[in-house]
Amino acid sequence: MELSLAASACIPKKSIRRNLAFVVQGAETDRGYKWTVLLITTIGAFMAPLDGSIVTIAIPSIASSMLIGLETVVWISLAYLLVLTVLLINAGRLSDIRGRKRSYMLGFVIFTAASALCGVSATGLQLIILRAVQGAGAALIASNSPAIVTESFQSWERGKAFGINAAAVYAGLMTGPVIGGILVQNFGWRSIFYVNVPIGILVVSLASLRLKEKRTFSTDETFDFAGAATLSAALASFLVALTLGGSHGWSSIPTLSLLLITVSALLLFIYAESRLTRNPTFDLSLFTKNRLFAAANIAALLNYIAVSGVTLMMSIYLQDVQGLQPETAGLFLIAMAVAMALLSPFSGWLSDRFGSRLLSSSGMLIVTVGLLMLSQLEITSSTNDIVLRLTLLGVGFGLFSSPNTRAVMSSVDRGKLGVASGTLSTMRSTGQSIGLAMVGAVIATALPPQVVLQLFTGLTTQSSVVRDDFMLGMRNLFLVASVIGAFGTITSLVRGRESSERPD
């Protein structure tokens, strides 16, 4: 000890000051770098929902321009969602092996190029294929964004970072219909795809210059093609079955065949992951031995199932029952998105200080109460009544999302961040698909199929009988959704102690 002190005394003071300055400068550089990372990933978080909501608003113009029917139009959105969902976990695993920076940049290159090509599509089939390619690029983006943020921020500030990312998602959802409406009206539907090109070029440029790999990736690990193929087959057949179930019937041969393929592929996937490979696509122990990871992901799945049909049902209710114009109806729906965007950064900041369990569970409980209150809407409900209920739902979702994402990403080792990110995104996409299928199934209990089709395409008559039947179906849907929300609240509560989150 005395020798050490003596040695340190011999070090020139100028050298000490120089070393201290280097340490401080390095800390400041690191601090600046993480905010650059957040900027890059936030642009990505804004871009995907913006693209989805813009496409939705342009569907009528696309159908009219290309002279395509309802069956083809549906696949313009479905192809994107299907490929995105199927590839998320596989893309996350690939980035765990080969590097997150290159995977993230590749995702934006694919997404941007496909967007430009979507704009010059000549037929509906071309547009559907290119939308599927867009989905592949979006999978690489979505599976890497939370992982890159997790690697760049310390555990005590990740919630705030995820909250900013979540706010960007909701901002994209809010501004998409507005931007899309302006673009379609003034420049045609092809412009909604061209708008992605400069954004994509900006992100690729920033990522290539500023992003860096935070860990050394092993060259010994191999990609698990058997696991990837069986998982993709299970997810794809399940999502297509959900789509066909509403139109062909849940007991029809095509639907039952696809569900059988889903079960068979899932069993093969479990066998392959547990017996056939040393480097599985998905480590099953994350669900069997990591209670925090499993419970938070299942809570996310239940949350998205519960709320995914709200926008669609409220849009029909506001326009066909309340008789509002589309622009006015959109303003009502913005109330929910604004609450989500404002609360997500705040709830993320709170989770950094107090943990995620109570915040996520409280948010899920508020979502449940909000859905229950929506089930009590009447034909003559007032403006304040509707806005209050939608805002309450947005508050609950805003409290749930960021802390829950933080919990998932903090519960795994750095080598599995890509898989964790892909799994969480898969839960979101799958939950949205199940939720939308549930809309059709529950509404059909109160309305004949032909009237349901008229409602979903805006062709319904304004008869009091149809309105009463629709209100009954909507009430049933929100009651079922509130029950699912209650299960999500319980699942979130049993996730275990916050100390089960893994250290940095």
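A residue counts as buried under 20% relative accessible area, as exposed over 50% and as partly exposed in between, with a 1.4 Å probe and protein chains only. R389, at 11% relative accessibility, is therefore buried. The model is predicted: local features need pLDDT of at least 70, side-chain atom pairs count only at pLDDT 80 or more, and totals for chains, interfaces and linings use all residues. Residues are numbered from 1 along each chain as its sequence is written, and side-chain values use heavy atoms, with hydrogens and water left out.

**Overall architecture**

- The protein has 19 helices and 0 strands; these are DSSP runs numbered from the N terminus, with H or I over at least four residues for helices and E over at least two for strands.
- Of its 504 residues, 52% are buried.
- Contacts are heavy atoms within 4.5 Å; among those between residues at least 6 apart in sequence, 84% join residues at least 24 apart.
- The accessible surface, from the Shrake-Rupley method with a 1.4 Å probe and, for residues, only the protein chains shown as cover, comes to about 22400 Å², and 68% of it belongs to carbon and sulfur atoms.

- The expected span of a helix is 1.5 Å times one less than its number of residues.
- Helix α15 (residues 357–374) has 18 residues and reaches 26 Å between its first and last C-alpha atoms, close to the expected 26 Å.
- Buried residues of α15 include L359, G363, M364, V367 and L371.
- Helix α16 (residues 383–410) has its end C-alpha atoms 41 Å apart, in agreement with the 40 Å that its 28 residues should span.
- In α16, 20 of the 28 residues are buried, so that the helix is mostly covered.

**Salt bridges**

- A salt bridge places a side-chain nitrogen of Lys or Arg within 4 Å of a carboxyl oxygen of Asp or Glu, and the count is 4.
- E151 and R100 meet at 3.3 Å, N to O; E151 lies in helix α5 and R100 in helix α4, so the pair ties together parts 51 residues apart in sequence.
- E151 is buried at 8% relative accessibility, and R100 is buried at 1%.
- E378 and R475 form a salt bridge with their closest N and O atoms 4.0 Å apart; E378 is in the loop between α15 and α16 and R475 in helix α19, so the pair links parts 97 residues apart in sequence.
- E378 is partly exposed at 43%, and R475 is partly exposed at 23%.
- R389 pairs with D385 at 3.0 Å; both lie in helix α16, 4 residues apart, about one turn of the helix.
- D385 is partly exposed, with a relative accessible area of 24%.

**Aromatic pairs**

- Rings of Phe, Tyr and Trp (its six-membered ring) pair if their centres lie within 6.5 Å; planes under 30 degrees apart are stacked, over 60 edge-to-face and the rest tilted.
- The whole structure holds 6 such pairs.
- W35 and F153 have ring centres 5.4 Å apart and planes at 80°, so the pair is edge-to-face.
- W35 lies in helix α2 (residues 13–66) and F153 in the loop between α5 (124–152) and α6 (158–187), so this pair ties together parts 118 residues apart in sequence.
- W35 is partly exposed at 35%, whereas F153 is buried at 1%.
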